[in-house]
Amino acid sequence: MALKKDVYKEFESVVGEENICDDPAIMPAYYSNKFAAVILPGNTAEVQAVVKLCNKHKLVFRPICTGWSGMFPPDIILMDLRRMNHIIEINEKNMYAVVEPYVISSQLQAELFKRGLNFCIKGAGTNCTAMLRGHGHMDQTTSGDDRNHLAIEWVTPEGDIVRSGALGSSDEWFCGDGPGPSIRSILTSAVPPGVTPGVFTKAAVKLYHWPGPSEFPIAGHSPKYVLSEIPANMMARYYSFPSVEKMWQAEIGLGEAEVCYELMGFNAAMVAANITTCNEEDEAMFNRLNKEVQGPGFFVIIAGNSPADFAYKKKVLEKIVEEAGGKSLKTLEDPELEGIIMCQCIRISASIRETFRPGGAFNSIPIMGQRDLTIKWAIGAGEAKKPLIEKGLIVDDGGAFFGWGVEQGHLGKTEIFCKYSPSNPTAKAAVETWQREQNRRAFEERYFASTMGPQDEIGPALCNYSQWWSKVVKALDPNGVSPEGGSLV
Amino acid sequence: MGLEQYKGDMEMCCRCSACKFIPMQKVKGHQYAYVCPSISRYNFHAYSAGGRLNIGAAMLKDGMKYTDKLLDIVYNCQLCGACGVSCNYAMDMEVLEPINEFRIKCVEDKKTHPALDKIIANLKKQGSMIPGAKGKRGAWAAGLKIKDATKEKVDVLYHVGCLTSYDKNLQKLAKATAKILQKAGVNFGIAGDAEMCCGGRAYQMGYPKEFLNQAKKNMAMIKKAGVKTVVTSCADGYQAFKVLYDRFDLKGELKVLHISEYIDKLIRDGKLKPRRKVEMAATYHDPCRLGRLGEPWVHWEGKKIPGDRFVFDPPKPYRRGANGVYEPPRDVLKAIPGLKFTEMTRIKEYSWCCGAGGGVIESNPEFAKWTARERIEEAVSTGAEALVTACPWCEKIFNEAIKESGSSLKVYDIVELVEKAI
Ligand code: SF4
Ligand code: SF4
């Protein structure tokens, strides 16, 4: 449905002729639906004006960042936040950075490294917005989710500008809980249906100490960038264990000892994907690593603040791994591969090679909770993948899952993928069924309640939270112009 | 086959946006992280490679739906290939090829750009890319005692290229090249008035027939002259002879070198000695078609293996930009005494385009200059006084942009500096 000419003009007067388009030719670039228009606001004031116009004309809108994911109903106003790409502030003293939505993680991280700082890079990859809330490789030290969103600037569905936390009472961004209004419970951008309606226009992300180099010494050409040397006081290793229980013993021990910069429960398939430059190499490497591992395992990076600190961390790591019967994967001890995977995990946050390269699409079930519990669920979900692998519907990764510790293992995340071809509707349908069934099983067997699970059953079991959330959304968005639907990636 | 052959590639696009940026490990900060001029200038996702592929996939499925906006997207792309390098860091799929095919399809459907039509009409008539060019193609060589390769036996044919031959401001590059080759004692010649456009730029513009026509004429002339080695001083010419002629099975055993590679070899062989000091701080711009797109063509034929993965039998080799010409021009510059060499952030396979490619300098000079200005700013940020390139099209657009912006940066072709140094 096209906008009426006068309505189009109203939007145009906000963002300028160059920054609005309703030509059908551009729509497939974004999504398979046709939108009423795509609008590129350049700042918060323009976002606010666009939102107000949407309310005036009862037009539904959705914002996007780099456009990697999201669900978009047809005929909406799509707000592409691409022009809002500034790093507003890096506050080294109070350890936060304020960014606009189209600053990607790679940009912010590179700036932070120069200052001896880092932040939580989300699993979606450093090619996605730095504002994204979620989890990633370095959660062990950089935590995840709302822990890292400090104050936020939010244009509500009605077009009011709300500044949360410390920003609500001063011009500082250091705290999400006050002294201004703490509205953490409704400011979420990670998982539907909890996606806050409206638009986040700025966020302060929490910064952490970075013991590594100000810039990695990269050599070679794409796609095979290597490190000319492993940075001082850093090491990456993959350890496999005789059993899940043993792996968990080591994981919890390492968390307690607080020696790992990163602890990522990669499976052999994901290691292979990350260190190889094409699908064929990937498959051969997967077969090789599969033979080399003795069982489940994880990948760790240690980073010392001094040679002594590094030596201590290394010693503790090796002792804990040894006690649990862990074995280092020899292939990854090759400094070239060690450097590649170190960069993949820190600078890229892996992602594309391990998700999209083989088939072009993937579906995932991500879950938070205690790792030992969620691993048990994931083993079953992995088994349930095997019939799909046998039928050739999904990529053969041996039924693998993965996961990692958050905040030195106080929390954990477990995730499982199915990778398939987007051109194969049978595969897509089979994967969606698998996803539904495994979410249901998770709930029925009381492992966790996924927001992708059977909502009609989960809601009542959890104090009808979904109804309360709907009421909150209704109050925030009386005109129903800002639907839920996907993360801000 | 056309666009159809890239259906699977286009469907592989996951809209990850990596193609908008230089490879993630190479990002050095907030600045100079973008790599695609088109999305950087026009902002709508449709102008990125990912957007283009998704549009291509949709139109392949539902039919071509031409609008003015679609054509604006199609023709505002330098076909620079930076998107492909960034995508192919992680993905196995063709990126630039379907973008180029989409443009070819537009031309086939007569949805052309008037400025490019004019260029092509002139190409057919005069055999050059420079409409309105006056005088003879080989006139610049008058009095320089250069052999006519169509009449005398030479070891090396210097293919001068359209812009360098006809543009009064750039003929100095041809003269410098000739002087260097003479000084090194190379038995070389030019085809003079018999030289024709290589056709490479026609291919980028979406006119493969016209390209092939030029390619065939050139190769016939080369065969007749018995030439075994061609040296070009234009990156477009280099890519045409080296990559495109090979792709279309026209190159045969012809050895193709860019002048920077040839000079590098002459220096290594001790035939050329840059002795005079050239005191300046300079940075080097990798022309797209000498760098990432100068990577040799890899002949391949195969079929997708049915099933879950996008893999082929035999395995498909992707040209990911690693094998372009990167070191020879740098080595030449480093061999010049007194020259202080600095690097920009976006270099080699992930270099930012000068703006002139893909017919953009003709179809949308403002966008071409905008793109050039971005590069000029990056060059200035290194502290360099001079921006050195290895293609006359880069030099032309950089100088035009500098003239408008008032920057004090100087632009040189690599041959100009070598000429000063010998
Ligand atoms: S073209 Fe490649 S890099 Fe760009 S969005 Fe598509 S998959 Fe990602
Ligand atoms: S070829 Fe160059 S200008 Fe065109 S989409 Fe790719 S990166 Fe952008």
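This report covers the domains, chain interface, ligand shells and local backbone features of a predicted model.

## Basis of the values

Local features in this predicted model need pLDDT of at least 70, side-chain atom pairs count only at pLDDT 80 or more, and totals for chains, interfaces and linings use all residues. Residues are numbered from 1 along each chain as its sequence is written, chains are lettered from A and ligands numbered from 1 in the order in which they are written, and side-chain values use heavy atoms, with hydrogens and water left out.

## Domains of chain A

Chain A is assigned domain 1 (5-80), domain 2 (87-209), domain 3 (230-358), domain 4 (361-452) and domain 5 (455-485). The bounds come from an automatic or database domain assignment.

Between the C-alpha centres of domain 2 of chain A and domain 4 of chain A the distance is 28 Å. Domain 2 of chain A brings 11 residues to the contact and domain 4 of chain A brings 9 residues, where contact means heavy atoms within 4.5 Å. The two domains bury about 840 Å² between them, with 48% of this area from carbon and sulfur atoms. Buried area is the accessible area (1.4 Å probe) that two parts lose on being put together, summed over both. Of the area that domain 2 of chain A buries against domain 4 of chain A, 54% comes from His135(A), Asp139(A) and Gln140(A), more than from any other three residues.

The interface of domain 2 of chain A and domain 4 of chain A holds 1 salt bridge. A salt bridge is a side-chain nitrogen of Lys or Arg within 4 Å of a carboxyl oxygen of Asp or Glu. Arg147(A) and Glu407(A) form a salt bridge through their side chains, at 2.8 Å from N to O.

Between domain 2 of chain A and domain 4 of chain A there are 7 residue pairs in polar contact, both residues being at pLDDT 80 or more. A polar contact is a pair of N or O atoms within 3.5 Å; within protein, one must be able to donate a hydrogen and the other to accept it, and residues adjacent in sequence count only if both atoms are side-chain atoms. The side of domain 2 of chain A that touches domain 4 of chain A consists of 3 nonpolar, 6 polar and 2 charged residues. In this classification Ala, Val, Leu, Ile, Met, Phe, Trp, Tyr, Cys and Pro count as nonpolar, Asp, Glu, Lys and Arg as charged, and the others, Gly among them, as polar.

## Interface of chains A and B

Chain B has 55 residues in contact with 65 residues of chain A. The area buried between the two chains is about 5,200 Å², and carbon and sulfur atoms give 56% of it.

One salt bridge is counted between chain B and chain A; the side chains of Glu18(A) and Arg41(B) meet in a salt bridge at 3.1 Å, N to O. The interface of chain B and chain A also has 30 residue pairs in polar contact, both at pLDDT 80 or more. On the side of chain B that touches chain A, two or more residues come from each of helix 1 (7-12), helix 2 (37-42), helix 3 (49-62), helix 4 (68-75) and helix 5 (82-88) of chain B. Helix 3 of chain B gives the most, with 5 residues. Helices (H or I, at least four residues) and strands (E, at least two) are DSSP runs, numbered from the N terminus. By class, the side of chain B that touches chain A has 30 nonpolar, 11 polar and 14 charged residues.

## Ligand shells

The residues around ligand 1 include Cys13(B), Cys14(B), Cys16(B), Cys19(B) and Cys87(B), a residue being near a molecule if one of its heavy atoms lies within 4 Å of it. The shell around ligand 1 divides into 8 nonpolar, 2 polar and 1 charged residues.

Around ligand 2 the residues include Cys36(B), Cys77(B), Cys80(B), Cys83(B) and Arg52(B). Helix 2 and helix 3 of chain B each give at least two residues to the shell around ligand 2. This shell has 8 nonpolar, 3 polar and 1 charged residues.

## Local features

Over all chains, the whole structure contains 51 salt bridges. Glu444(A) and Arg440(A) pair through their side chains in a salt bridge of 2.9 Å, N to O. About one helical turn separates Glu444(A) and Arg440(A), because they are 4 residues apart in helix 14 (residues 425-444) of chain A.

Ser222(A) and Pro223(A) are joined by a cis peptide bond with omega of about 5°, and Pro223(A) lies in the loop between strand 12 (218-219) and strand 13 (226-227) of chain A. A cis peptide bond also joins Asp313(B) and Pro314(B), with omega of about -5°. Asp75(A), a residue other than glycine, has a positive phi near 65° and sits in the loop between strand 3 (61-64) and strand 4 (77-80) of chain A. Most residues other than glycine have a negative phi, and most peptide bonds are trans.
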